[in-house]
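Here's a quick briefing to read alongside the model. Have the 3D view open as you go.

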Amino acid sequence: MDMHLSKSNLSPLPLSLEGPLDLVSYDTYYDNKFVSVHHKNTCNCNLPIKRCLRFYQRYVILGRTFHSLSYNKRGSSNSYVVQYSSTSLVNDICFGEVIIFYQDQFNSYALVKQYSIKCLFSDYFKPSKYYKTICEPIDAFFFILVPAETYICLPVKNILKHCVVFQNDNCKSVIVTPISSYDEHD
Ligand SMILES: [Zn+2]
């Protein structure tokens with residue numbers, strides 16, 4: 001999966017090519033309560049929401065294409081799962097899945113379903129005699145997460161990386177690892 005995601009980025013677009021792709025032609029997302037409340041609280045347009053917001057299935061950030069769940073050509077990849085930086089806490093690493101991207105008159109956002117951390121990956125290795133040696137490095141790269149019923153309207157500039165996702169615990173949780181370096185896979 002890591003290779004698959006990385007291959008999709010083998011030929012990164014020029015850095016100057018930033019922005020949304022694949023305009024959504026249907027109205028579904030205007031009724032989303034998180035989007036409508038966020039628009040009301042943050043946008044100074046004084047326009048009805050349908051005149052202001054435009055929704056998109058994909059978005060190019062720093063030359064890399066990120067998908068949303070609404071992008072139906074994404075195949076088997078989980079490229080809608082992203083690592084992002086918190087809007088409130090410095091250096092806080094967060095994960096979630098992008099439902100949809102959107103723009104108002106001034107800014108670009110992603111509606112993200114947030115994941116919460118369930119436990120440390122190293123917890124699985126507690127019986128091992130190597131536990132103390134391996135816990136720090138593996139906890140830096142692997143995260144055991146559960147999808148939460150919480151959503152955030154995230155500025156797209158906070159999106160950092162694609163992630164590779166493995167199902168865990170009969171799908172009750174997922175193991176997520178951010179793509180460590182795009183270049184090393186090229
Ligand atoms: Zn607006």
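This is a predicted model: local features need pLDDT of at least 70, side-chain atom pairs count only at pLDDT 80 or more; totals for chains, interfaces and linings use all residues.

**The chain overall**
- The protein chain has 4 helices and 9 strands; these are DSSP runs numbered from the N terminus, with helices being H or I of at least four residues and strands E of at least two.
- Along the sequence, the pattern goes α-β-α-α-β-β-β-β-β-α-β-β-β.
- Of the 186 residues, 29% count as buried.
- Take the contacts with a separation of 6 or more: 66% of them come from residues 24 or more positions apart, a contact being two C-beta atoms, placed from the backbone, within 7 Å.

**Confidence**
- Mean pLDDT (the predictor's confidence in each residue, from 0 to 100) is 85 for the protein chain, and 85% of its residues reach 70 or more.
- Residues 5-10 stay under 50, and the model gives them 11 contacts beyond four places in sequence.

**Helix α2**
- Val-35, His-38 and His-39 are buried in α2, which covers residues 33-42.
- Looking down the axis of α2, its buried residues fall within an arc of 100 degrees, so they line one face of the helix; the arc is that of the directions from the helix axis to the C-beta atoms.
- Those buried residues pack against α3 (49-52), β5 (93-103), β6 (108-120) and β7 (143-155).

- β2 (residues 54-61) pairs with β3 (residues 64-67) in the antiparallel sense over 4 bridges, where pairing takes at least two DSSP bridges between the strands.
- Arg-58 has His-67 in β3 as its bridge partner.

**Val-82**
- You'll find Val-82 in strand β4, residues 81-85.
- Val-82 counts as buried because 27 other C-beta atoms lie within 10 Å.
- Leaving out residues up to four places away in sequence, Val-82 touches Phe-66, Gly-96, Val-98, Ile-159, Lys-161, His-162 and Cys-163.
- Thr-177 is 95 residues from Val-82 in sequence, yet their C-alpha atoms are 9.6 Å apart.

Methods:
Residues are numbered from 1 along each chain as its sequence is written. A residue is buried if 20 or more other C-beta atoms lie within 10 Å of its own, exposed if 12 or fewer, and partly exposed in between; C-beta atoms are placed from the backbone.
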